[in-house]
Amino acid sequence: MRPLALVLEGFTCFKDRQVVDLEGLDLFALTGPTGAGKSSVLDAMIFALYGRVPRVGKGISELVSLGRDQLSVILEMRVAGERLRVMRKARRGKSGDAMLEAVVEGQSSPKPIASGIREVDAEITRRLGLGYDAFTQAVVLPQGQFAKFLQSEPRERRKILGDLLRLRIYEQMREDASKRRTKLDAQVTATQSVLGDEYAGVSAEAVAAARAELVVLAERAEADRTKLAAVRREAEELRALRQKTVALEAAEATLQRMTSDEGVLRDAEAKLARAQHAAPVVPRIDAADAARLRCEELERKVVAARTAEVEAAAALETARARRVESDRAAEDTVRLRAELSALDEAIGKLGPLNAARDRKRRAEQDLAECADRLASATARIARAEVDTARAREEAADREREIASSAFDAEQWARVDALRERATELAAIRVRLTTATAAERGAREVATRARDDEARSREAWEDARTAHGKLLGRVETYEDELREAERNDAAAALRRTLRAGEPCPVCAQDVAVVPPLGEAARVEELAKKRDGARREEEKARQKLDRAAKDHAAAQSAAHNALEAADRALAATKEAERDASDAERALIEAGASDVDPGEESIEARVTATSRRLLEARKRHDELARALEAARKRHDEAERQRVHEVAESAELRARSAQSGARAHEATREIEALETEIARATGGADVVATRAATVAAIAALERARDEARRAETEAEHTRRAAEARLLESSEAARVALLDAEARRDEAERAAAEAGFEGGASARAAALPRAELEELERTIDGIRRIRADAESTARALGAELAGRRVDEAQADAAAHALVAAESAERESVRAHAARARDVTVIAERLDRATKLLKELDACAAERNVFARLATDLRSEKFQAFLMEEAFRDLVGGASIRLWALTERYGLEFVDDAFVVVDHDNARERRSADTLSGGETFLASLALALELSAQVQRAAGAVALDSVFIDEGFGTLDPETLDTVAGALESLPTGGRMVGIITHLPDLSARLPARVVVERSSAGSKLRVESS
């Protein structure tokens, strides 16, 4: 997978649409200031492929630019020879969209492959052969972690490698299986405990017995129910007779009490009659009193209205006098308005005067500014002329140096093409050395394995001989024992007897076992036979172990011989590859390399290093020449600009002087005219005072007229109120006298001496109604009691029931109900028991089935946990990973340094220094730059391993972010030189850095520029 083009918009700091053409870039720098968005470029590529990025996971809303509501990313790439285009969009807080297309050469429109997020994710993973986690490990190298990996302790180093290659998945599988087994153990134990504790005694027989008992309880409950019905009928009859007896006795008592209360009833009836006669008289008395009170109130209002009318007349006279005085004072406004007109004419000239003064001030300021800027421009012209001459001389010097430098670009291209072959040849020689050492070690292992096999064969033969002897001894004892048992059958029978158990011959219980007697020899032989058997069993186990050891030794010897043969074949293959590679390298261009007695690959390396230094010097001179030319052009542009600006300033200064002179003449003329019109006074203040005086006089006149009008209206209203109040008082007096006469006549007609006696006899409405209800109630109670006594006497017919008879029947009913409830409760409880027992039986059956299934699953996970716990399995995986990683990294380190290789000895990294007779030393002795290169080699090899482990297509791109800002200048120079000579082999290699010196040394750059409107992207080449 090789990126060809990237288009992004609304993505993090890239608000506006950015298009980056990556096609043709091999080794380049992704550069820009810290925080500009370098990492966001990688995030955009990863997001286009997988829809998420390492920094925020699936929180896509965090990737949308501030102020935007959506983002879009388009990535064009070449995968397995096919050009693909993947497009993704996402909205803030909403689901996004994705599409994958194939760009076919010669066709105007792309060919759709997949659409929708799920389909595109699945298709990308299928075509690349890598999931999200593996891709981010293989493409964006975790350099900082590999520097730690190189120099850490063995245990920590294995943990890091296991994490990076995800080898800990097997340990996680073992832990998961162990946890699952523990959980299933707990389930099995809990189920067994439940079956033993909660379901003990639950069976089909228990259910049948409970159901039979339930039938008996049902019959008992039915008998108690029949008896209860008879007792209830008798109790209800006696209770009804008792209630009627009590009611008859209560009615008789009521009639007796009513006879003694006749006097009270007659007094109540008389009081009611007197109150009913007084009721129509009282309203007339109340009306007469109300009319009298209203008449008094109206007379008070007449007095108040007369007083108000006198006060209003006095106020009217005062208002008329003030109005006459204000009219006389307002006659002076005619003169003041004539003066105001003259002042307005003078004020009209103040505007032009102020405008002329502003023009003069601005012209004078512009004149002073032009003078200052003209002086400064003259000084800058002089400096620009000096800078132009100096830059012209520097450019000439750089041109002479480039002409004298000896750099053959064509030879550099040919030798650079040989570097990859030289690197491969050096790697083959390293592989040959390693294979030779491996062959020697394999032969030694095979020899030791043959010796171990011979010793194991001798031990097996000895164990087989010893077992044969013991087996013969057991057979001898068994023959003697059988002979002794035939001779003494009773002794043989005695060995089987036990006190209290039946005899196998007569079937009678054995009270006492007979003494040993003649059976002593049989017992002795049996003991010897048993002892011999135990010894034979030990010997057989020892024989089995010896046989297994011998078989293992044979297998180990066979495997060691095969390994030695494979090592020999690998050595011969490496020798052939080294010879072929050396011959091909010589044929490819031996005439272009420097002469010498070293190997061809060393001469290619030395020539490449010499030409690289010459190229660096040539490039430095070319950059210096370009910089000198730029400085010359800039100085010349500055000089021309300053000359033009000086001319412009002189013209502008002349114009400003003319404007200032003209404004001065205009100011003098206007000031003369204003002074002649106003006599030198402040015209604005005088006009304001005149306007205020006119307004005050007119306002006083208007207020006096308004006050006179209001006083006139007030007096007229007071007169009208006085007439109205007098008429109302007269009418009210006539009405009060008429109502008083009417009330007196009504009291006399009702039989009362006067209104006061009628009011005393009257009762409130509520009290009157209550008295009527009391009389009606007494009469109704008497009638009801008489009716009830007659009816109950006829019903009872002389059969009255006392309290004792009713209580006895009630007690009998309670006893019958209790007996019936008890029998029903017993039946219901037993029915519930039957249901519970049946349900428990079903549950116990299900639990037994669950227990069997759970135990079987527990055994599977137990076996899996045991198998994965094997230390040899984990160690095998880790050793294989280390062997592949160190072997590949060693070849890459040689290609980077042309000096160092890597080996892994005694759980530690060892550096092989080929310039010092293949001296081996600890990786901790490497310098800062060398440590970086070793870490880089490990990381590049890990990237390849991740791809191989996942079965991915060739990922022809990798990005390195080591944190170059932490390196000192000397180390940074070493690292930069290594990166410049990094063999890309057709692969895109991006170096992420914010250091200008490092990015300038690489062939191309993708530059990230930061601004307030969002970051920008551009591609530039050296």
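Reader: Which element of the protein chain has the lowest confidence?

Author: The mean pLDDT of the protein chain is 77, and 83% of the residues score at least 70. The chain has 23 helices and 15 strands. Confidence is highest in strand E6 (residues 97-102), at 93. Where pLDDT is low, the predicted coordinates should not be read in detail. With a mean of 54, the element of lowest confidence is helix H13 (residues 489-494).

Reader: What percentage of the contacts with a separation of 6 or more is accounted for by residues 24 or more positions apart?

Author: The contacts considered are those in the protein chain with a separation of 6 or more. Among these, residues 24 or more positions apart account for 74%.

Reader: How many aromatic pairs does the structure hold, and how many residues apart in sequence are the parts tied together by Phe11 and Phe47?

Author: The structure holds two aromatic pairs. In one of them, Phe11 and Phe47 are 5.9 Å apart centre to centre with 50° between the planes, a tilted arrangement. Phe11 lies in the loop between strand E1 (2-9) and strand E2 (18-21), whereas Phe47 lies in helix H1 (residues 38-50), so the separation of the parts tied together is 36 residues.

Reader: Is Phe47 buried or exposed?

Author: The relative accessible area of Phe47 is 3%. Because the cut-off for buried is under 20%, Phe47 is buried.

Reader: Which kind of pair do Phe28 and Phe959 form?

Author: Phe28 lies in strand E3 (residues 27-31) and Phe959 in strand E12 (residues 957-960), so their pair ties together parts that are 931 residues apart in sequence. Both Phe28 and Phe959 are buried. Their ring centres are 6.4 Å apart and their planes stand at 80°, so the pair is edge-to-face.

Reader: Where is Ser65 found, and what is its relative accessible area?

Author: Ser65 is found in the loop between H1 and strand E4 (70-79). Leaving aside neighbours within four places in sequence, Ser65 is in contact with several residues, including Phe11, Cys13 and Arg92. Ser65 is buried, and its relative accessible area is 0%.

Reader: How many disulfides are found, and is Cys295 buried or exposed?

Author: A search of the whole structure finds zero disulfides. Cys13 has a relative accessibility of 23% and therefore counts as partly exposed. Cys295 has a relative accessible area of 6%, so Cys295 is buried.

Reader: Which residue has the backbone oxygen that the side chain of Thr714 reaches?

Author: Thr714 lies in helix H16 (residues 683-749), and its relative accessibility of 45% makes Thr714 partly exposed. Thr714 and Glu309 are 405 residues apart in sequence and 8.6 Å apart in space, C-alpha to C-alpha. The backbone oxygen that the side chain of Thr714 reaches, at 2.9 Å, belongs to Glu710.

Note on methods
Residues numbered from 1 in each chain as written. Heavy atoms only, no water. Helix = DSSP H or I, 4+ residues; strand = E, 2+ residues; numbered from the N terminus. Buried < 20%, exposed > 50% of the residue type's maximum accessible area, 1.4 Å probe, protein only. Polar contact = N/O pair within 3.5 Å; in protein donor to acceptor, adjacent residues only side chain to side chain. Disulfide = S-S within 2.5 Å. Phe/Tyr/Trp six-rings, centres within 6.5 Å; stacked < 30°, edge-to-face > 60°. pLDDT = per-residue confidence, 0-100. Contact = heavy atoms within 4.5 Å.
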